[in-house]
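Welcome! Take a moment to look over the sequence and the fold, and then we can walk through some of the details together.

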Amino acid sequence: MAAGVPGEEPGAFKEMRDALTLMAAAHMSRPFPPGARGMDVAGQDLVLLDADAYAYSANVLKGPLSDRQYADFTRLMAVFDAVLPALDDPYAAGYYARLHDMAVLALEVEALRRK
């Protein structure tokens, strides 16, 4: 991480991390799309996609991901490319679009941490 005052996070990193914290809290406050339980889209179980994307994002907030976690999280992001266009329900589509946005931000935070 960039040099600065010991114990303080650089401005852009802190702002992104704070935004991720808010997005994660907002995600947890939203009800899971009822029609998505037990549903597979493009070969992906939607409950697992939600759980995995949130877990990786939450782990970014706790500290650096291991190299394996980072690689797995990066691969998980490709799943959204298949799932998002296939969602017909407007609520589910919005829910997963916001989840995707949160995961993208989490990866950006992790990438900054790795610099």
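A residue counts as exposed when its relative accessible area is over 50%, as buried when it is under 20%, and as partly exposed in between. Keep in mind that this is a predicted model.

**A loop residue to start with**

You will find Ala 42 in the loop between β1 and β2 (44-45). Its backbone deserves a look too: phi of Ala 42 is near 55°, a positive value in a residue other than glycine. Most residues other than glycine have a negative phi.

Now let us turn to the interior. In soluble globular proteins, nonpolar side chains tend to be buried together. Here the largest nonpolar core holds 28 residues, and those touching the most other members are Leu 20, Leu 46, Leu 49, Val 60, Phe 73, Phe 80 and Tyr 96. At least two residues of this core come from each of α1 (11-29), α2 (46-62), α3 (67-83) and α4 (90-114). Helix α4 gives the largest share, 9 residues.

Leu 46 shows how such a residue is surrounded. Beyond its neighbours within four places in sequence, Leu 46 is in contact with Phe 32, Ala 36, Met 39, Val 41, Val 83, Leu 87 and Tyr 96.

**Where α1 meets α2**

The axes of α1 and α2 are 10 Å apart, and the two helices pack at an angle of about 145°. Their crossing is left-handed. On the α1 side, the contact is made by Arg 17, Leu 20, Thr 21, Ala 24, His 27 and Met 28, while α2 brings Asp 50, Tyr 54, Ser 57, Val 60, Leu 61 and Lys 62.

Not counting residues up to four places away in sequence, Ser 57 touches Leu 20, Phe 73, Met 102, Ala 103 and Ala 106.

**Aromatic rings**

The model has 5 aromatic pairs. Two of them are set out here.

| Ring pair | Centre to centre | Angle between planes | Kind |
|---|---|---|---|
| Phe 32 and Tyr 95 | 5.6 Å | 85° | edge-to-face |
| Tyr 91 and Tyr 95 | 6.2 Å | 40° | tilted |

Why is the Phe 32 and Tyr 95 pair edge-to-face? Their planes stand at 85°, and planes over 60 degrees apart count as edge-to-face. This pair links distant parts of the chain, since Phe 32 is in the loop between α1 and β1 (40-41) and Tyr 95 is in helix α4, 63 residues apart. Tyr 91 and Tyr 95, by contrast, are 4 residues apart in helix α4, so about one helical turn separates them.

Tyr 91 is partly exposed, at 33%. Ring pairs join Phe 32, Tyr 91, Tyr 95 and Tyr 96 into a cluster.

Methods
Residues numbered from 1 in each chain as written. Predicted model: local features only at pLDDT ≥ 70, side-chain atom pairs only at ≥ 80, totals over all residues. Heavy atoms only, no water. Core = buried A, V, L, I, M, F, W, Y, C linked by side-chain atoms within 4.5 Å. Buried < 20%, exposed > 50% of the residue type's maximum accessible area, 1.4 Å probe, protein only. Contact = heavy atoms within 4.5 Å. Phe/Tyr/Trp six-rings, centres within 6.5 Å; stacked < 30°, edge-to-face > 60°. Axes fitted to C-alpha atoms, helices over the stretch in contact; angles between N-to-C directions. Left-handed = near helix turned anticlockwise from the far one by under 90°.
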